Each structure stands twice: as structure tokens, then as C-alpha cells.
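The following exercises concern a predicted model. Please work through each task before reading its solution.

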Amino acid sequence: GAGNAADASESLEATLSPETAVIRLTSFNLNPNLRTLMVPIQSCARFGVGIRQLSLRFTGAPALVDQLAVRYGNGQIQNLVVRRQFNSGSETRWIDLGMPGFMDSRCVNALFIRGRSMRDFFHPFGNTRVDVSGMTGPMM
């Protein structure tokens, strides 16, 4: 129930250093039509924090992801590598943002995703919900 989720999030936050936290950035839906979505995030404007890692969680119908990218506050776009297929309840690993090997926090303005959901017996309409979380960190 909700108590378990609260307990899990409290134990997770307790393991993080004071300058880092996991925040839910946004949610959006994929449908069976292949398309590219631009999902606004505005991490610095809305939350006052930079993001150093992203994770996406998929629920509902399975999903296919062809491309994933972020646009930073300075306009730079970074392509992110993730596996192609996600089943309901699965999520990406924590994806490092910025330069490889540097854990720098960045203002993330938008997420771009090219993908679609897949209909199956349990999801005849093929709707997938995608929840986007970010790991914050000290601004560099």
C-alpha cells in the first residue's frame, strides 16, 4: 500500500548525501502511434535544481523506444542510450547526464522521446504511462 511506498522512499532518501535527492520531474503517455514527443521539464525554473541523472519508469502497455534525448538550459542536446523495449513495471537504469565521467548537474529543459506503446491481450488500447525521475546534485 501507500505506507510501503513511503517507507521505501524514506529509506532511499536516507542513503543519499544532503545535496542529492530523487524528484519526480514529469509524467506522460505513449500510445500505439509512433511519434516523437517533446516533454517539458524545466528543472531549474520549476524545481530550482540541476539534474545529474534521469530514470524513466513504464507502466501499462509495453513500450518501444527508438530515441531518447534531453535539451539543456543552454540549448545543447544530448542523446541518451537506453534499451529498446520496456515491459510494464520496468524502468531504465539511472542515466548519467553531461560529459561522460563527470557527474555534473544540468538544467534540463526538455526530454525528447521517439517511441510508441504496444497493444497486447492485457492492454488492448496500448496506453503506456511514463514517469520521469531525476537525481539532483550540486550545480557545477
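**Exercise 1.** Determine the handedness of the link between C44 and C107.

*Solution.* Step 1: the angle about the S-S bond is -90 degrees, and the link of C44 and C107 is left-handed. Step 2: the sulfur atoms of C44 and C107 lie 1.9 Å apart, and a disulfide is a pair of cysteine sulfur atoms within 2.5 Å. Step 3: the pair joins distant parts of the chain, with C44 in helix α2 (residues 43-47) and C107 in the loop between β7 (95-96) and β8 (108-117), 63 residues apart. Helices (H or I, at least four residues) and strands (E, at least two) are DSSP runs, numbered from the N terminus.

Residues are numbered from 1 along each chain as its sequence is written. In this predicted model, local features need pLDDT of at least 70, side-chain atom pairs count only at pLDDT 80 or more, totals for chains, interfaces and linings use all residues, and side-chain values use heavy atoms, with hydrogens and water left out.

**Exercise 2.** Classify the aromatic pair of F58 and F86.

*Solution.* Step 1: rings of Phe, Tyr and Trp (its six-membered ring) pair if their centres lie within 6.5 Å; planes under 30 degrees apart count as stacked, over 60 as edge-to-face and the rest as tilted. Step 3: F58 belongs to strand β3 (residues 50-60) and F86 to strand β6 (residues 85-86).
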